[in-house]
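Please open the model in your viewer and keep the selection panel at hand.

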Amino acid sequence: MAKIRILPDALASQVAAGEVVERPAALVRELVENSLDAGARHIEVHAQRGGIAMIRIVDDGSGMDREDAMLCLERHATSKIRTKEDLGAIHTFGFRGEALPSIASVSRFRLATREKEALVGTEIEVNGGKLVAVRDSGGAPGTVIEARSLFFNVPARRKFLRTENTEFAHVEQQLRLHAIANPQVAFTLTHNGELVLHLPATRDMLERIRGLVGDELASRLLKVEETTVHGITVSGYIGGPGMSRSNRQMQTTYLNGRPIESASISYGLREGYHTALMKGQHPVTFLFIQMDAQAFDVNVHPAKKEVRFHDGHAVRDAISRAVSHTLENAAKLPSGHTPAARPAPAATVPRTPVVPDSRQEQFAMPVAASSAPLRDIPAARPQPAGDAPAVSHRVADVLERIAAARHAAATAPVQAAPEPEAEAEAPQATATAAETDEEEPQEPKAARETESPAPPEYRIIGVLHKLYVLMESKEGLVLMDQHAAHERVNFEKFRRSIESGGVPCQRLLLPVTLQTTPRDADLLRQNLPSLNRLGIEIEPFGPNIFKVETLPAFLKADDPAAWLDQVMEELSSLSAKSSSLRLSEDAIATIACRASVKSNDVLSIPEFQALLKDLFACEMPYCCPHGRPTLVQISTNELERKFGRRAPG
Ligand code: ADP
Ligand code: MG
């Protein structure tokens, strides 16, 4: 016998509904979550007019018996905290038994559900929180929930809805989030009767991601090997250097399987990407974090999106490590499968003849060894709005090609790669004292060695605007931004030197004195230890005056005073943006490197070759420390299309 009655607290539900279901996408979040919890293998989401006119979710999960179907519409009715285990694992996710009554209170709501073995199912209709009908239904096992005319009875709420397109974009994004975390579940999404997404079930996470983002992007993702630090397990896929977006839509992170956002995670990502991410850009991530449910709270956000970690630093650290390891390995291992090595150390690279005039002669430039066939990568397809400029895709193409070129390639043990700094330009080279730091344990580098076939060649064609080095590669035209490349090379020299105990420095013939503002003086004082570690020996010399005795050896600063001025200026503008005067060593190194590159330096061909070789010896050759690309490739295909030798597309 059906217990027909008016839900007791319809009004309270309407109020709560504003928090829990602020827009159609929120309904999708709640309802799909319920379907997943009910063990569904197939979930369909149908939306009309952005989901405002209708959202219908069809699942093949456990279904409910009549009593539960009635009960689930009561506030705080939930089946999920019956057992103790559930309590620990699910309760903390804010399972408050509020979603269904909230949705039912602000829509024309229909629930049809049937348990697998049940002869007959139940259908319940609720109109703006008022129970209208309960009847038998003969649907398939599982649950169908339909919400029409969202907020029809709460005009104040309806006002906050955006256009149908915007609302649907949110619906789709929400479904994507769920779909990524649940590849074993098939998802279908329609809008106004048209199929938008169809994702068959798969056991392979990457396959699911590919179904959502396309082959091109998926093929460039790096796998994050599952690692556990501080009891926090991180795994998933992330974009490599140069792959970024101007918004966070593709920065997806999951905690124990549920999509969440958290500042600690964002910081961790940023730290992990370090200089491989352009300022203001966001990474592409599909990152999964597993940790004890006791170690965080989800209820800070009624929509359950934001969590508060009890130990945010641990989370940040775990993520940052996972990301930086993945990026570092990717710079060495093409597509993460076969061990390959970095380019040969100086001594074993066959020397190219040094010929003085670039216009007469063209040079074969050994860059990296390869015997593997290069994969043909399709031209970048038009990207949805909000993407990073196309250039970063090209860089990623280059990255992938070069990575492929290095595939199975080979060189001597990597240990030999970093050359001893400082010879020529630093007659008095001395290592500055550097405390050994708590750097992450590095994997033994010699482990990456392999043997060496013939290298592929970049032929230097010339230089454009005294800045871009034009080179011919097998696939087309490669442009190298000479400044960006220099910055990357110098930056990594800094880093390696710091890691190995100190940056070799050159003593200036005459110490340079720096006159600063009181604020800049504070800034310098705060950062003296870091500056010293970077080979810049600087000490107070009077009120607001500093004396500089040494500079990093590999910087070719012919005018040290001007160089220091530039560094000072950038440091102070950087510090103006941060809350503390103490800057990170990397930030200082980045600035020092930028300042080290003079504009319009005319380099000779052998200098370019050396630069290119140094660049490819870097851990992250494809972008400068500010995250801008160092290399851009224009494929022959693209050129042929431009010249009409090939049909577009
Ligand atoms: P909560 O998810 O916090 O428990 P909800 O209001 O979202 O609260 O759902 C209430 C209850 O209704 C759930 O605990 C579950 O027992 C039941 N339920 C909701 N949706 C489904 C579904 N698609 N399949 C089976 N049971 C469901
Ligand atoms: Mg729920």
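Does Phe-616 count as buried or exposed? At 0% relative accessibility, Phe-616 counts as buried, where buried means under 20% relative accessible area, exposed over 50%, and partly exposed in between (1.4 Å probe, protein chains only).

Before continuing, note that this is a predicted model, in which local features need pLDDT of at least 70, side-chain atom pairs count only at pLDDT 80 or more, and totals for chains, interfaces and linings use all residues. Residues are numbered from 1 along each chain as its sequence is written, chains are lettered from A and ligands numbered from 1 in the order in which they are written, and side-chain values use heavy atoms, with hydrogens and water left out.

**Aromatic pairs**

A search of the whole structure finds four aromatic pairs. Rings of Phe, Tyr and Trp (its six-membered ring) pair if their centres lie within 6.5 Å; planes under 30 degrees apart count as stacked, over 60 as edge-to-face and the rest as tilted.

Select Tyr-254 and Phe-288. The ring centres of Tyr-254 and Phe-288 lie 4.6 Å apart with the planes at 10°, so this pair is stacked. Tyr-254 belongs to strand 12 (residues 251–255) and Phe-288 to strand 15 (residues 285–290), so that the pair links distant parts of the chain, 34 residues apart. Helices (H or I, at least four residues) and strands (E, at least two) are DSSP runs, numbered from the N terminus. Tyr-254 is buried, with a relative accessible area of 0%, and Phe-288 is buried at 10%.

The rings of Tyr-458 and Phe-616 have centres 6.4 Å apart and planes at 80°, so the pair is edge-to-face. Because Tyr-458 lies in strand 20 (residues 457–464) and Phe-616 in helix 17 (residues 605–616), the pair ties together parts that are 158 residues apart in sequence. Tyr-458 counts as buried at 8% relative accessibility.

**Helix 2 and helix 7**

Select residues 24–37 (helix 2) and 164–181 (helix 7), which pack at an angle of about 25° with their axes 8 Å apart. Helix 2 is therefore roughly parallel to helix 7. Axes are lines fitted to C-alpha atoms, for helices over the stretch in contact, and angles run from 0 to 180 degrees between N-to-C directions; angles under 35 degrees count as roughly parallel, over 145 as roughly antiparallel, 65 to 115 as roughly perpendicular and the rest as oblique. Residues making the contact include Val-28 and Val-32 of helix 2 and Val-171 and Leu-175 of helix 7; contact means heavy atoms within 4.5 Å.

Now select Leu-27, also placed in helix 2. Leu-27 is buried, with a relative accessible area of 1%. Beyond its neighbours within four places in sequence, Leu-27 is in contact with Val-21, Val-32, Ile-55, Ile-103, Ala-147 and Leu-150. Leu-27 and Ala-147 are 120 residues apart in sequence, yet 8.6 Å apart in space, C-alpha to C-alpha.

**Helix 15 and helix 16**

Finally, select residues 560–577 (helix 15) and 585–596 (helix 16), whose axes come within 9 Å and cross at roughly 140°. Helix 15 and helix 16 are therefore oblique to each other. Display the side chains at this contact: among them are Trp-563, Leu-571 and Leu-574 in helix 15, and Ile-588 and Ile-591 in helix 16.
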